[in-house]
Amino acid sequence: MTDFNWLKALFITLSLSMLAACNEQDNNEATAATESSKTYRWKMVTTWPPGFPVLQKGAERFADNIKAMSNGRLNIKVYAGGELIPPLQTFDAVSQGTVEMGHGSAYYWAGKVPEAQFFSTVPFGLTARGMNAWLYDGGGLELWREVYKPFHVIPFPLGNTGVQMGGWFNKEINSLADIKGLKMRIPGLGGKVFAKAGGNPILLAGSEVYTSLERKTIDATEWIGPYHDQRLGLYRAAEHYYYPGWHEPGTVLELTVNQHAWDSLPADLQAIVSNAAQAENVRMLSEMEQKNLSALAELRQRKGVQIHRFPDDVLHKLKTLTNETLLEEAEKDPKFKRVYEAYQAFRQQNDAWSDISENAYIAVQ
Ligand code: CA
């Protein structure tokens, strides 16, 4: 081959490969352009009543933010509990792909997935700070995703109630003897522990809580914190308001996304959803804290409301009974045990750190 022919051959080869590269790039750009112009219309169902402050409103704000960030490419219509499906069918609806997204809390699915309770809250468990550390950076979220994988559901933390209140009682709780036979609306593992302490846990939907306490069908109820409790008017039905909410120390709220729907989203929209969920997780907790501190100030000024701390011996007993309950549940169910052990391992290290950080600091206030 002469130098000239060699150069000509090289030129042709280079031109062809550049052309091929350009075509490939064009194809990629065309695919990206199709994806970036495609509009997704999704439905999200929640477990909350219509207009429920902080929780339902937070889910709606999350959807609005996604719409703004995606320039309208991901449009999520949010339905409150009962508007499209009954509130407690949220998980199944997302799992079956009837809707693409759900908002609720993992302990609502305890009947189907008992170990899911650890991703929501357990009595005397981690607070919001600890839960975020475990979920985002301590392996908790990976474990949670494994637990939901057989249901084709991807979970994300999306809000936290903070430490709840212990509840409203129609009499003072001065010792364990005062809990014996007490009829209290207290769901989940907290209810099991309460039963072990001699109490009588009652299951009631949120809509029945006020009337039951007011008519003395129950002697006590827990709900959320000062803000939501005041809004429900519980101070009119019982005068003794107890803290701390040992049974719900930092309830994580969850976003659930149907796996197939998630896989259909382009990477940029997935990134928007995932980052919007992190942003709303912080926002909902912050809003809850601000509304609670302001409602506490109002409740303290209300005539007749008496705010008490549970006696130490009652709290210590409830804590011992909680440890027993969690161990018993773990012995019954290997899936529960696996999550329990991961949670406990993180918990031990978290407690050791909290003891010399936040707890030590708070103790000198
Ligand atoms: Ca509660």
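I began with what covers the buried residues of H5: the cover includes helix H3 (90-96), helix H4 (128-137), strand E4, strand E10 (252-258) and helix H12 (334-356). The model I am reading is predicted.

Next I listed the residues being covered. Helix H5 spans residues 140-148, and its buried residues are Gly140, Leu141, Leu143, Trp144, Val147 and Tyr148. I checked how they sit around the axis. Their arc is only 160 degrees, so they lie on the same side of H5. The general rule I kept in mind: an α-helix has 3.6 residues a turn, so residues three or four places apart point the same way.

Then I took H12 from the cover. How do H5 and H12 run relative to each other, parallel or antiparallel? I found that their axes come within 11 Å and cross at roughly 170 degrees. The cut-off for roughly antiparallel is over 145 degrees, so H5 and H12 are roughly antiparallel. On the H5 side I noted Leu143, Glu146 and Val147 in the contact; on the H12 side, Arg338, Val339 and Ala342. By class I logged four nonpolar, two charged and no polar residues.

Glutamine 164 sits in the loop between strands E4 (153-160) and E5 (167-169). Glutamate 222 is in the loop between strand E8 (220-221) and helix H8 (226-231). The two are 58 residues apart, and the pair links distant parts of the chain. I recorded both glutamine 164 and glutamate 222 as buried.

Notes:
Residues are numbered from 1 along each chain as its sequence is written. This is a predicted model: local features need pLDDT of at least 70, side-chain atom pairs count only at pLDDT 80 or more; totals for chains, interfaces and linings use all residues. Side-chain values use heavy atoms; hydrogens and water are left out. Helices (H or I, at least four residues) and strands (E, at least two) are DSSP runs, numbered from the N terminus. Buried means under 20% relative accessible area, exposed over 50%, partly exposed in between (1.4 Å probe, protein chains only). The arc is that of the directions from the helix axis to the C-beta atoms. Contact means heavy atoms within 4.5 Å. Axes are lines fitted to C-alpha atoms, for helices over the stretch in contact, and angles run from 0 to 180 degrees between N-to-C directions. Angles under 35 degrees count as roughly parallel, over 145 as roughly antiparallel, 65 to 115 as roughly perpendicular and the rest as oblique. Ala, Val, Leu, Ile, Met, Phe, Trp, Tyr, Cys and Pro count as nonpolar, Asp, Glu, Lys and Arg as charged, and the others, Gly among them, as polar.
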